[in-house]
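User: Could you walk me through this model, a few spots at a time? I'll ask as I go.
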Amino acid sequence: MGYTIAQKIIKNHLVCGEMTVGSDIGLKIDQTLTQDATGTMAYIEYEAMGIPRVKTEKSVAYIDHNTLQTGFENADDHRFIQSVCKKHGIYFSRPGNGICHQVHLERFGKPGKTLIGSDSHTPTGGGIGMLAIGAGGLDVAVAMGGGAYYITMPKMVRVNLTGKLSPWVSAKDIILAVLRVMSVKGGVGKIVEYGGEGVATLTVPERATITNMGAELGATTSVFPSDETTRKFLKAQGREEDYTELKADDDAVYDEVIEINLSELEPLAACPHSPDNVKPIKELEGKKIDQVCIGSCTNSSYLDLMRVAHILKGKKVADNVSLAIAPGSKQVFNMLALNGALGDMIAAGARILESACGPCIGMGQSPNSGGISLRTFNRNFEGRSGTADGQIYLVSPETAAVSAINGVFTDPRCLGAAAEIEMPEKFLINDNMVIDPAPVEEMDSVEILRGPNIKSYPETHPLTDSIEASCSLKVGDNITTDHIMPAGAKILPLRSNIPKISEHCFTVCDKEFPTRAKTLGKSIIVGGENYGQGSSREHAALAPLFLGVKAVLVKSFARIHKSNLINAGILPLTFVNAEDYDKIKLGDMLELPNVKDEIANGKQVTVINKTTGDTIVADCELSDRTRNIIIAGGLLDYTKENS
Ligand code: SF4
C-alpha cells in the first residue's frame with residue numbers, strides 16, 4: 001500500500017509510535033516559528049528548560065501581533081524576544097517584516113520538512129508541501145530543545161480538485177467551499193491533503209490560503225503536493241535549492257475523499273459568526289457594508305494585493321466604507337510600492353496599515369457598533385474584531401475590493417473579464433529585517449533584556465489523589481479561545497504577564513469569573529461541544545491554571561486547546577453521557593475522589609456533584625505520555641523530570 005504526502009513526511013520524521021490512526025506518535029521537528037503574542041511565553045518556557053542553544057534546523061521568532069504600541073509592554077516583550085533569540089540561536093523577524101506565516105512561506109518554508117508554530121495558522125506552510133502544525137508555546141519550546149512533538153496519528157482526507165477556477169473566483173472560495181462541506185469540526189483528527197488535476201492551476205500563495213484556513217476545519221494540518229509550481233515559487237524567492245518533489249503514491253489510501261469541481265465554484269462568504277456559515281455572495285448582494293479589511297495571513301500575498309490594486313485602480317472607495325489594507329510582508333509591501341500598485345490603492349482612498357496582523361486580532365480597525373465588516377481574514381468569531389456586536393463576513397480579496405467601491409456586497413464577476421496577473425519570476429529579496437543569532441562562541445555574553453512586563457510561568461502542582469472544587473463557570477457549545485482569553489489592543493500586551501492577563505479570562509462570557517475563580521482557589525469549568533476551538537493560544541490554559549482551575553469538564557474539546565490544557569496540567573475531562581452536562585450548575589461543589597488512581601490506570605473518572613448528590617462519569621482520553629504529563633503537573637515539570 002502506498003503513502004499519502006503527509007504519511008511520507010511523518011514516516012521520515014517518526015521518532016516513536018506506530019503510524020496507525022489513533023496512535024500517539026512523536027515527530028522530529030525541523031523548523032519552529034513563534035509570533036510575539038504566544039512567543040514571549042514560549043521563550044520564558046524555553047529558558048526554564050535550561051537548554052543553551054536550539055537544536056532545530058531553523059527556528060524563527062516573528063513580531064506581528066502586538067505592533068500597535070500604546071505602552072511600554074509591547075516594546076519590552078519585543079526586546080526580550082530579540083535578546084533570547086540572539087542568545088539561543090533563533091532568527092528574529094523584526095516588527096514590520098510581516099506576518100509570520102506569510103514571511104515563513106516566502107523565506108524559510110521547505111517542502112517535506114516538519115514545522116510547528118505557536119500559532120494555529122501554521123498549516124499555511126502546507127501550501128509549499130510542509131507538514132506544518134499549530135501547537136502550544138510549550139510544545140514549540142520543547143521542540144526547540146530537541147524534543148519530539150507528539151500528535152495522535154490522524155486520518156487522511158483527500159480533497160480532489162478538478163476543473164479550473166472561473167474568473168473572479170479565488171482560492172478563498174475553495175476553502176470556504178470545503179468548510180461548507182466539512183464544517184468547523186469536520187477536520188478534527190484528520191490531515192487534509194489536496195490532489196487532482198486542479199492543483200496545478202493554483203499558485204503557491206493560493207494553496208497557502210487554502211491550507212491556512214484548513215485550521216478552521218479543526219484539522220491537524222492540510223498539505224499540497226510539492227511540484228513544478230512549488231519549484232518556480234522557490235526559484236523566484238532565490239532558493240530553488242530548497243525544492244524537493246513530493247506527491248502521494250498512486251495507490252495511497254485515504255479515509256475520506258471529497259470532490260471539489262473548481263469550475264463550478266462561485267464567490268462565497270462566511271457569515272457571522274462562524275467560518276463554516278457559508279453563503280454565495282449572490283445571496284448577499286446589495287446589502288450595505290461599513291468596513292472592508294484586506295490582509296491577514298490568509299490573503300495578503302503579492303498576488304492577492306495586485307488583484308485588489310487592479311480593481312481599485314482609478315476608482316473611489318464608497319463614502320460609507322472604511323477600507324484598510326495590510327500587506328502580508330515587507331516583501332509584498334515593497335514590491336507594491338515599487339510597481340505603483342500601492343499608489344493605486346492610496347489614490348482610491350484605502351487606508352494602508354503596516355505589515356502585521358492588525359485588525360485580524362482586534363489590534364485597531366474595530367468596526368462601528370453593529371457594523372458590517374467584510375474581511376479577507378480567516379476567523380469571524382463574535383467579538384474577535386474588538387466590537388462585541390460587529391458582523392464579520394469572510395470573503396476573497398476580489399469580493400472585498402469590489403464591495404468597498406460599491407459600498408454594498410458585490411459579486412466580483414460583475415467586473416467582466418479578469419486581468420491576468422502573473423506571479424513574478426523574481427520576488428524582491430531583502431532579509432535585512434531578519435536578525436541572525438549570535439555565534440555560539442559569543443552567546444554567553446548576550447544579556448537577556450527583561451522588562452517589568454516579563455513575569456514567570458504560573459505555579460504548577462502534581463496531580464493530587466483527589467480533587468474537591470466548585471464549578472466556577474458553566475458555558476455552552478463552541479466556546480473559542482477568544483472567549484476564554486480575549487485578545488485586543490488592551491489585553492495582548494499582557495501575554496508575558498500571566499497574573500495581569502488572567503484578570504481578563506472569560507470576561508466576554510462572565511465578567512465575575514476571574515475574581516470568583518481566584519476567591520475559590522480551586523475550581524472546575526463545565527462546558528459543551530467543541531470547547532476551545534480557534535487559536536492555539538496557550539494563555540487560554542495558562543490563565544485558568546493561574547486562577548486555580550483544576551479540570552475542564554465538557555462534551556468535547558478542540559485539539560490544540562486540549563493539548564494546551566494537558567501541558568498546563570489541567571485535567572481535560574469529557575462527559576461519557578452528554579446529558580450529564582445538565583446535572584451541574586454554577587457554584588455546585590464537585591468531588592473527584594480517586595482521580596489520581598483513575599488517571600494513572602487509564603480508568604474513567606468519577607465526578608460526584610456534592611450539591612445535588614448526582615454521580616457523573618467522565619472520560620479522560622490520554623496516551624501514556626500525556627497521562628504522565630498530567631500526573632507530573634504539566635509538560636514543563638514532565639520535561640524537567642525526564643531530561
Ligand atoms: Fe495574525 Fe490573524 Fe493570521 Fe493569526 S490569523 S497569524 S492574528 S493574521
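Analyst: To start with Ser183, it counts as partly exposed because its relative accessibility is 27%; with a 1.4 Å probe and protein chains only, buried means under 20% relative accessible area, exposed means over 50%, and partly exposed lies in between. Please keep in mind that this is a predicted model, in which local features need pLDDT of at least 70, side-chain atom pairs count only at pLDDT 80 or more, and totals for chains, interfaces and linings use all residues. Residues are numbered from 1 along each chain as its sequence is written, and side-chain values use heavy atoms, with hydrogens and water left out.

User: OK, and where is Ser183?
Analyst: Ser183 sits in the loop between helix H6 (171-182) and E10, where helices (H or I, at least four residues) and strands (E, at least two) are DSSP runs numbered from the N terminus. Ser183 also has a positive phi of about 75°, although it is not a glycine.

User: What about Asn530, what is its phi?
Analyst: Asn530 is not a glycine either, and its phi is positive, at about 55°. The loop that holds Asn530 runs between strand E22 (523-526) and helix H17 (539-546), and Asn530 counts as buried because its relative accessibility is 4%.

User: Switching to the ligand, which residues are around it?
Analyst: Around the ligand are His65, His101, Asp119, His121, Ser296, Cys297, Cys357, Cys360, Ile361, Asn378 and Arg384, where a residue is near a molecule if one of its heavy atoms lies within 4 Å of it. By class, this shell has four nonpolar, five polar and two charged residues; Ala, Val, Leu, Ile, Met, Phe, Trp, Tyr, Cys and Pro count as nonpolar, Asp, Glu, Lys and Arg as charged, and the others, Gly among them, as polar.

User: Why does it lie between domain 1 and domain 2?
Analyst: The ligand lies between them because domain 1 (5-264) and domain 2 (268-412) both give residues to the shell around it; the domain bounds come from an automatic or database domain assignment.

User: And which cavity is the space taken by the ligand?
Analyst: The ligand takes up the second largest cavity. A cavity here is a set of points, on a 1 Å grid over the protein atoms alone, where a 1.4 Å probe fits but cannot get out, and a molecule sits in one if more than half of its atoms lie within 2 Å of its grid points.

User: Next, Asn66: what does its side chain reach?
Analyst: The Asn66 side chain reaches the backbone oxygen of Leu492 at 3.2 Å; a polar contact is a pair of N or O atoms within 3.5 Å, and within protein one must be able to donate a hydrogen and the other to accept it, while residues adjacent in sequence count only if both atoms are side-chain atoms. Asn66 belongs to the loop between strand E4 (58-62) and helix H3 (72-88), and it counts as buried because its relative accessibility is 2%.

User: Then Lys190, is it buried or exposed?
Analyst: Lys190 is buried, because its relative accessible area is 15%. Lys190 is part of strand E10 (residues 190-195), and a polar atom of its side chain lies 2.9 Å from the backbone oxygen of Gly186.

User: How many residues of helix H5 are buried?
Analyst: Eight of the eight residues of helix H5 (residues 137-144) are buried, among them Asp139 and Met144. Just after H5, Gly146 takes a positive phi of about 95°.

User: Which residues does the cis peptide bond join?
Analyst: The cis peptide bond joins Pro272 and His273, with omega of about -5°. Pro272 is in the loop between strand E13 (268-270) and strand E14 (278-280), and His273 is also found between E13 and E14. Pro272 is buried, given its relative accessible area of 17%, and its C-alpha atom is separated by 6.0 Å from that of Tyr393, which is 121 residues apart along the chain.

User: Last one, where are Gly50 and Pro462?
Analyst: Gly50 is in the loop between helix H2 (36-49) and E4, and it counts as exposed because its relative accessibility is 59%. Pro462 is in the loop between strand E20 (434-435) and strand E21 (467-474), and it is exposed, with a relative accessible area of 53%. From C-alpha to C-alpha, Pro462 and Tyr638 are 9.7 Å apart in space, although they are 176 residues apart in sequence.

Terms used:
1 Å grid on protein atoms, 1.4 Å probe; cavity = no way out; pocket = protein on both sides within 12 Å on 5 of 7 lines; lining within 4 Å.
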